[in-house]
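Please look over the sequence and the structure shown below before reading on.

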Amino acid sequence: MMHQPISAVEWVPRDSIRPNDYNPNKQPQVEFKLLKISLLEDGWTQPIVVFDDGSGEKPVIVDGEHRWKTSADPSIAAITNGLVPIVRIINSRSHLMMSTIRHNRARGEHAVLDMAKIVLELIASNMAVEEICLLLGMEDEEVYRLAERAGSPEVVSRRKKEFSQGWVPK
């Protein structure tokens, strides 16, 4: 079996690695907050992928720049004493750039119906809409729309005590 980087996770000081100068991925503030919640709730579940050319310069982040940025938050730094998990890969700059894009694009998008089913299940388990919003980084309108999409109009009706005449059964 070929050497797998994940077999050699290291914990290093956050400031011993640096972001690359080409990452096309930008993270909106809502997702940044969600990443922070994820790290606080679940801990580090994915290492940061870095390239170390052996020159003595700080290794460059290939994947995980947002996790690295989030690790500067004092509450995140406190859970690992300022250390971050990394794995090292070795290759050319062009390969590293493609690797960054692959990592970003491989995460894909959430399918609406699948997300709707998840939201409906969370609501059915008596989780408050406010808690779903907080832990999944959603707006309440998004939760209500997903629940409605999954076939639960009664969830939407919680917001409105009365419906217009168009909703009254004949």
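The model is predicted, and each value given here is computed from it. Helix α6, which covers residues 129-136, packs with helix α7, residues 140-149, at an angle of about 110 degrees, and the axes of the two helices are 9 Å apart. Angles from 65 to 115 degrees count as roughly perpendicular, and α6 and α7 are therefore roughly perpendicular to each other. On the α6 side the contact involves Val 129, Ile 132 and Cys 133, which meet Asp 140, Val 143 and Tyr 144 of α7. Of the residues in this contact of α6 with α7, five are nonpolar and one is charged, while no polar residue takes part.

Leu 35 belongs to helix α1, which spans residues 29-42. Because its relative accessibility is 17%, Leu 35 counts as buried. When its neighbours within four places in sequence are left aside, Leu 35 is in contact with Gln 27, His 66, Arg 67 and Thr 70. Leu 35 and Gly 137 are 102 residues apart in sequence, and their C-alpha atoms are 9.0 Å apart in space.

Turning to the rings, the charged end of Arg 14 sits over the ring of Trp 68, whereas the count of aromatic pairs comes to zero.

The table gathers the distances.

| Items | Distance |
|---|---|
| Axes of α6 and α7 | 9 Å |
| Leu 35 and Gly 137, C-alpha to C-alpha | 9.0 Å |
| Charged end of Arg 14 and ring centre of Trp 68 | 3.9 Å |

Key
Residues are numbered from 1 along each chain as its sequence is written. This is a predicted model: local features need pLDDT of at least 70, side-chain atom pairs count only at pLDDT 80 or more; totals for chains, interfaces and linings use all residues. Side-chain values use heavy atoms; hydrogens and water are left out. Rings of Phe, Tyr and Trp (its six-membered ring) pair if their centres lie within 6.5 Å; planes under 30 degrees apart count as stacked, over 60 as edge-to-face and the rest as tilted. A charge sits over a ring if NZ of Lys or CZ of Arg is within 6 Å of the ring centre and within 35 degrees of the ring normal. Axes are lines fitted to C-alpha atoms, for helices over the stretch in contact, and angles run from 0 to 180 degrees between N-to-C directions. Helices (H or I, at least four residues) and strands (E, at least two) are DSSP runs, numbered from the N terminus. Angles under 35 degrees count as roughly parallel, over 145 as roughly antiparallel, 65 to 115 as roughly perpendicular and the rest as oblique. Contact means heavy atoms within 4.5 Å. Ala, Val, Leu, Ile, Met, Phe, Trp, Tyr, Cys and Pro count as nonpolar, Asp, Glu, Lys and Arg as charged, and the others, Gly among them, as polar. Buried means under 20% relative accessible area, exposed over 50%, partly exposed in between (1.4 Å probe, protein chains only).
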